[in-house]
Amino acid sequence: KGQFKRCRQRAPTHEGPGELNFLFGAVQEDEVMATLLGPESPSKGGKKRTRNRNIVTKLRQSQVVGRGFSKGTQLCEVLLRERDKRAKWHGIPVLLQELYESSHLNSDFSRSHAVLKELSSLLSMEAMSFVTEDRKPAQESTFPNTYTFDLFGGVDLLVELLMRPTLTAQQKPKMNDDLVKDCLSVLYNCCICTEGVTKSLASRDDFVLFLFTLMTNKKTFLQTATLIEDILGVKKEMIQLEWIPNLSGLVQSFDQQQLANFCRILSVTISEPDVGNDDKHTLLAKNAQQKRNTSPSRAEVNQVTLLNIPGFIERLCKLATRKVSEATGTSNFLQELEEWYTWLDNTLVFDALMQIATDEAEHSSTESSDESSLATIPLRHRLPQSMKIVHEIMYKVEVLYVLCVLLMGRQRNQARTQITVHKMLAEFRLIPGLNNLFDKLIWRKFTASNHVVHGQNENCDCSPEISFKIQFLRLLQSFSDHHENKYLLLNAQELNELSAISLKANIPEVEALVNTDRSLVCDGKKGLLTRLLTVMKKEPPDSSFRFWQARAVESFLRGATSYADQMFLLKRGLLEHILFCIIDSGCKSRDVLQSYFDLLGELMKFNIDAFKRFNKYVNTEEKFQVFLTQINSSLVDSNMLVRCIVLSLDRFESQTEDVKVVEVLSECCLLSYMARVENRLSFLFRLVNIINVQTLTQARPRCTPFLFLHLIHLGYYSSSCIPFSFWKETVSVLLEEDRTSHCAIISYIDEPYMELDRDLLKD
């Protein structure tokens, strides 16, 4: 078969001499044979040997003996130069030939480096053009430089050069750091411009693991990390971190900036693959798969590997919470900052510029900390400081993501790990640190004109600022969800307020509140939860942040219902804000509405004061009908709220000795509506029919009807304040085999459908 490597899937496949026809066009045999005895080349020991005989003879010989050309550097220079004029290869094949011949074992690499720099200049502009043009695929019909470089074996040659120290024990000159950096940069350019190069490199585990050894050198760290990130992103099988030689020592040798950069790589190695929401990945299918697979996934193993590195979590907490020096001298400074990172979203370009800016800052006296002089300093001198701010934001995104993944844990043996991570994040004061950064960095105040607009969507998550906010909110959600550490989101004064609420209501304090270590709570006048509520109320109606904000606040309420927690949020106007969003704001986003429905359900569940406040806000029939319309327009999104209302009604009807309860029951339009049997039956019928358990996916895990309690995780009802034994008893009654029982589902199903149901239960 043709010997020249072809990395692009859509490139034609040629056999034998047809490969040369592809490379050189219709070259006549007599034209090829007329010239081509190649020039002599040096070999070991100072002797010289003649290059291969003419090409046609060589090709014919290869058909007989099965040994042909293995790389473009074996072609003679005369032919390469002749075809270069027609094919417009810009001398790349000849330069590769020279690079190959000048990089032999006894070389000092001085000439090799000069040749590589010449090649790099031909490739770098193409890579920059590719990035700035939204990564439009290069057309191979025009033989772009990176494609030509790879076609003639340039990628393989650079890999060979880099790995040569590991492949031979012979004494040899060492490649200098600048040469290694240039090799890595050229490989990265090829990855982003030529399809298939990244996948080809990713298939070589030896090369991938070798790259990690280059990260020990600070001078080559940046280029190495960027290349590894791209390679791991397309690797079919997730790499095992424990395969990396001396991983613990490697990570501990990183400075804080290197560790932040390394988190970009880690994010690929600890995240479960996105399997989508098709029929093969329903909750039933996942449940069956979990029962079959008892061993942890590679992502889970990698998470444990990281947690076993001494000091790893503590260093991440310090990175996440360290402050950034911000220049605030001019009103348009942040505007300029925003404009910079609308195009600085390519990590290699950004990191390279950041490295240059850092070097310039160290050797330049042009920068000044005097805010009054900032306005008179040209932008080119102010740029390093603005880049540092965005640089810090970009890496905090990665650090928060890694912490979030480790915090969430998944399946099987993750429960123990999750407790460990929670404890460490609390002890290392992650939450107070984030609280101190909230106003100055996480949720900085911008005017409307200073928002970054990507196309028509100003909340496109390609902005570092937006990504940072979302990762922050995801972390809060994971930290608070069903965990006693959630009270660390408050300050000491707010904890006292919770205690006072419990005392006034004559109910015991929640045990988790009593056990909270007050030395680890937030500092300042406001805790993190209160700050979040403040910005939540200011978001535009359809802002994508509303979804994540509501999820983060809801996670604080989830678990065993706490009257004090609910009242703490009710006193800050949260219920009125939610109702405004649902009824009056004109919000059309289904995701936002679902998150607000869920939050409203947790806020109102079993809380008679919340229903009283609801009735005060929804004080007209028109508002109430709008509210019902929103609920009924998508019962999939509002079903948790509906269930919370039903459960609350059931509780209140058993408390008729309480005068306030009786009063609210008689006055609240929502409770009166749900008290009518026909309305409850209507909701029940629609809930039962709206979801098929066989197609239920993780995308809508909360859309589970009552009827399918026996098929899914019953944990959703653990906070219903109804004994779990009662739920099990109810399910047993519904599933009775007695067709004469009016309480059994079977009595309402015609006989022909019974076989289908039995098959479902068996599965």
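**Figure 1. Helices α11 and α12 pack side by side in this predicted model.** Helix α11 (residues 205-214) and helix α12 (residues 218-234) pack at an angle of about 155°, and their axes are 9 Å apart. Here an axis is a line fitted to C-alpha atoms, for helices over the stretch in contact, and angles run from 0 to 180 degrees between N-to-C directions. Helices (H or I, at least four residues) and strands (E, at least two) are DSSP runs numbered from the N terminus. The two helices are therefore roughly antiparallel to each other, a term for angles over 145 degrees, while angles under 35 count as roughly parallel, 65 to 115 as roughly perpendicular and the rest as oblique. The crossing of α11 past α12 is left-handed, meaning that the near helix is turned anticlockwise from the far one by less than a right angle (clockwise would be right-handed). On the α11 side, F207, V208, L211, F212 and L214 make the contact, and α12 supplies T220, T224, L227, I228, I231 and L232; contact means heavy atoms within 4.5 Å. Sorted by class, this contact has nine nonpolar residues, two polar ones and no charged ones. For these classes, Ala, Val, Leu, Ile, Met, Phe, Trp, Tyr, Cys and Pro count as nonpolar, Asp, Glu, Lys and Arg as charged, and the others, Gly among them, as polar.

**Figure 2. Helix α12 also meets helix α14.** The axes of α12 and helix α14 (residues 256-269) come within 9 Å and cross at roughly 15°. That makes α12 roughly parallel to α14, and their crossing is left-handed. From α12, the residues to look for are K218, F221, L222, A225, T226, I228, E229, L232 and G233; they meet Q258, N261, F262, R264, I265, V268 and T269 in α14. This contact divides into eight nonpolar, five polar and three charged residues.

**Figure 3. I313 sits among partners from elsewhere in the chain.** I313 belongs to helix α17 (residues 312-321). With a relative accessibility of 3%, I313 counts as buried; buried means under 20% relative accessible area, exposed over 50%, and partly exposed in between (1.4 Å probe, protein chains only). Leaving aside residues up to four places away in sequence, I313 touches L307, L403, L406, M424, L425 and F428. Take a look at L425: its C-alpha atom is 7.5 Å from that of I313, although the two residues are 112 apart along the chain.

**Figure 4. S478 is a buried serine in helix α23.** Helix α23 spans residues 464-480 and includes S478. The relative accessibility of S478 is 10%, so S478 counts as buried. Beyond residues up to four places away in sequence, S478 touches C404, L407, M408 and H422.

**Figure 5. E237 and R298 form a salt bridge.** A salt bridge here is a side-chain nitrogen of Lys or Arg within 4 Å of a carboxyl oxygen of Asp or Glu, and by this rule the count comes to 21. In the E237 and R298 pair, the closest N and O atoms are 3.8 Å apart. The pair links distant parts of the chain, 61 residues apart: E237 is in the loop between α12 and α13 (247-253), and R298 is in helix α16 (residues 298-307). E237 counts as exposed at 53% relative accessibility, whereas R298 is partly exposed, with a relative accessible area of 31%.

**Figure 6. E497 forms a salt bridge with R572.** Their closest N and O atoms are 2.8 Å apart. E497 lies in helix α24 (residues 492-504) and R572 in the loop between α28 (563-570) and α29 (574-584), 75 residues apart. At 18% relative accessibility, E497 counts as buried.

**Figure 7. R590 and D637 link two helices.** This salt bridge has its closest N and O atoms 3.2 Å apart. R590 is in helix α30 (residues 590-604) and D637 in helix α33 (residues 635-652), 47 residues apart. R590 is partly exposed, with a relative accessible area of 29%, while D637 is buried at 2%.

**Notes for all views.** Residues are numbered from 1 along each chain as its sequence is written, and side-chain values use heavy atoms, with hydrogens and water left out. In this predicted model, local features need pLDDT of at least 70 and side-chain atom pairs count only at pLDDT 80 or more, while totals for chains, interfaces and linings use all residues.
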